Amino acid sequence: MIKKFTTFYRHIIEEERKIPEATGQLSDLLSDIALACKVLSQEVNRAGLIDILGFTGQVNIQGEEVKKLDEYANDILTYSMQQGGHACAVCSEESEEFVPIDAKYQEKILHNKYIVHFDPLDGSSNIDANISIGTIFSIYKRISKSGPGTMEDCLQKGIEQVAAGYCVYGSSSILVYTAGKGVHGFTLDPSVGEFLLSHSNMKIPKKAKTYSTNDGNYSKWSKGMQRYIDYLKEKDKETERPYSSRYVGSLVADFHRNLLYGGIFIYPADEKNKNGKLRLMYEANPLSFIIEEAGGRSSNGKDRILELQPESLHQRTPLFIGSEQDVKLAEKFLTGKE
Ligand code: FDP
């Protein structure tokens, strides 16, 4: 029987009470996101039944079209932000343009002061195989004063984030977030429908023995990147090589594993993807905020991700993220210093 537990909502409220000037809006916003993640967790668990109950794109028994899960995730997250009244814009990996939101509570204290970025369903090519996928989110304060958010509000450096997190839909669903006061993880108890604190103040080991990358791209990598991976595979007792390789192919799942046990996740630039594959605003920035809060490091192989000036919503970036010493070593190889 559970004797002592802290729900996600209790935790964010307690954190908020430590800040005298806090209005409670960020807590409300985070709890709206958590609710959407609970709904998505439920839907992801039922994904395998879609073939039995109706194909996506088909019309179901009620005459409604069965939506693809990633579209559904996008809709529910956007809707919950529109309803909540705390966001002035939602930017999503699934939508070309951002969705501006007008103030719901005009002239009240509760005006729409946040910008929210989502990768609604990261790792979506794994959905049909029943492999862990997730939702990634990132929250900024608006720069403009009122009305719906602007492009300038949406294109802020990662360093300006006030909170970021993700939910992995796996053997259990886990919500991990930071608001700049440590990284905390909450496991969903489906029987009571609550995220319960399971990982308080998470810290990533400074050095690891695991790397996560798509090795199949080896021939398309730069010489520096190839030499780095060759190095990790060499035998050397003193530096604990060779490393192990772990690659799920869902960034959020690979990242979560490395956060828990130590490791480096790499999606470099290659011949085909000159700027890498992953998105700065939806994937790299939120995970970089989390990793730095957990004592790790994140870069594009040269520069700190959180300090990159975004130029467009869907901008891509190479990503080296995880245990501090491992990311530093990768940077040395990539910049020709090793
Ligand atoms: P996916 O294509 O399945 O959506 O963000 C995209 C992403 O997944 C990441 O989650 C994942 O780490 C990466 O792409 C996988 O890319 P490769 O198939 O090229 O390895």
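Helices here are DSSP runs of H or I with at least four residues, strands are runs of E with at least two, and both are numbered from the N terminus. You're looking at a predicted model, where local features need pLDDT of at least 70, side-chain atom pairs count only at pLDDT 80 or more, and totals for chains, interfaces and linings use all residues. Residue numbers start from 1 along each chain as its sequence is written, and side-chain values use heavy atoms, with hydrogens and water left out.

**View 1. A cis peptide bond sits between R241 and P242.** Zoom in on the step from R241 to P242 and you'll find omega near 5°. To get your bearings, look for P242 in the loop that links α6 (223-233) with β10 (244-245).

**View 2. N130 has a positive phi without being a glycine.** Its phi is about 65°. You can find N130 in the loop between β3 (114-122) and β4 (133-141).

**View 3. Eight strands make up an open sheet.** Read across it and the order goes β2-β1-β3-β4-β5-β6-β7-β8, with mixed pairing (two strands pair if DSSP finds at least two bridges between them). At the edges are β2 (99-100) and β8 (194-199), and each has a single partner strand, so one side of each has no neighbour in the sheet.

**View 4. β6 and β7 run antiparallel.** Strand β6 covers residues 173-178, strand β7 covers residues 183-189, and five bridges join them.

**View 5. N214, K277 and E283 each bring a polar side-chain atom to a ligand oxygen.** For N214 the gap is 2.8 Å, for K277 it is 2.9 Å, and for E283 it is 2.5 Å (a polar contact is a pair of N or O atoms within 3.5 Å). On its own the ligand has 460 Å² of accessible area, and the protein covers 80% of that (Shrake-Rupley method, 1.4 Å probe).

Conventions
Polar contact = N/O pair within 3.5 Å; in protein donor to acceptor, adjacent residues only side chain to side chain.
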